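Q: Please take one part of this protein and go through it closely, in plain terms. Give the cut-offs for each term when it comes up.

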Amino acid sequence: MGRILAIDYGRKRVGLAVTDPLQIIASPLETVHSKDVIQYLKDYDKAENLEAIVLGMPMNLNNQPTDATLGVQQFENLLKKHFPEKPVYLQDERFTSKMAMDAMIAGGMKKKDRREKGNVDKISATIILQSFLESR
């Protein structure tokens, strides 16, 4: 069984989270610059053998696309091109940034570390992945 990787895609930064090999627990992995993410994923897949990719899909409360939806759809096509053998699942990412901030506060993370946007992206990806695991 391979790992499942989740992506919180942004135009500048991409938050990544991954499961353990048994696909039980989601953990933050890294925040990568968007221009470097495909190569990072290729290297990670080579080392860890990914089974699937979960991509956070931004939607409004009324299930309509947001300003970021088109960029995520384009990134989804890029993933399918570079990883044709890996299934790519879309997962609702509404409220994940707010939930990530709340989790950092509840976990006692210092204010300075909470301001680091990369931390929010990684934890958002973890929430996306955990939601995906729970929905299976």
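A: Helices and strands here are DSSP runs, numbered from the N terminus: a helix is H or I over at least four residues, and a strand is E over at least two. The model is predicted: local features need pLDDT of at least 70, side-chain atom pairs count only at pLDDT 80 or more, and totals for chains, interfaces and linings use all residues. Residues are numbered from 1 along each chain as its sequence is written, and side-chain values use heavy atoms, leaving out hydrogens and water.

The part to look at is residues 2-100, which an unreviewed UniProt entry annotates as "domain: YqgF/RNase H-like". UniProt positions follow the numbering used here, the feature name is shortened, and such an annotation may be inferred rather than shown by experiment. Over residues 2-100, 31% of the chain is helix and 35% is strand, with 26 Å between the end C-alpha atoms.

Begin with the helices. Two packed helices are described by the angle between their axes and the distance between the axes. Axes are lines fitted to C-alpha atoms, for helices over the stretch in contact, and angles run from 0 to 180 degrees between N-to-C directions. Helix α1 (residues 37-48) and helix α2 (residues 69-82) have axes that come within 11 Å and cross at roughly 40 degrees. That makes α1 oblique to α2, because angles under 35 degrees count as roughly parallel, over 145 as roughly antiparallel, 65 to 115 as roughly perpendicular and the rest as oblique.

Contact means heavy atoms within 4.5 Å. On the α1 side, Val37, Ile38, Leu41 and Lys42 meet Phe75, Leu78, Leu79 and His82 of α2. By class, this contact of α1 with α2 has six nonpolar, one polar and one charged residues. Ala, Val, Leu, Ile, Met, Phe, Trp, Tyr, Cys and Pro count as nonpolar, Asp, Glu, Lys and Arg as charged, and the others, Gly among them, as polar.

Next comes the loop between α1 and β4, where asparagine 49 is found. Its phi is near 55 degrees, a positive value in a residue other than glycine. Asparagine 49 has a relative accessible area of 48%, so it is partly exposed; buried means under 20%, exposed over 50%, and partly exposed in between, with a 1.4 Å probe and protein chains only.

Strand β4 (residues 50-57) holds isoleucine 53, which counts as buried because its relative accessibility is 0%. Not counting residues up to four places away in sequence, isoleucine 53 touches Leu5, Ile7, Leu79, Phe83, Lys86, Pro87, Val88 and Tyr89. Between isoleucine 53 and glutamate 76 there are 9.8 Å in space, C-alpha to C-alpha, and they are 23 residues apart in sequence.

The loop between β4 and α2 includes asparagine 63. Although asparagine 63 is not a glycine, its phi is positive, at about 65 degrees. With a relative accessible area of 48%, asparagine 63 is partly exposed.

Further along, glutamate 93 lies in the loop between β5 (88-92) and α3 (96-106). Its relative accessible area is 15%, so glutamate 93 is buried. Leaving aside neighbours within four places in sequence, glutamate 93 is in contact with Asp8, Gly56, Met57, Pro58 and Ile128.
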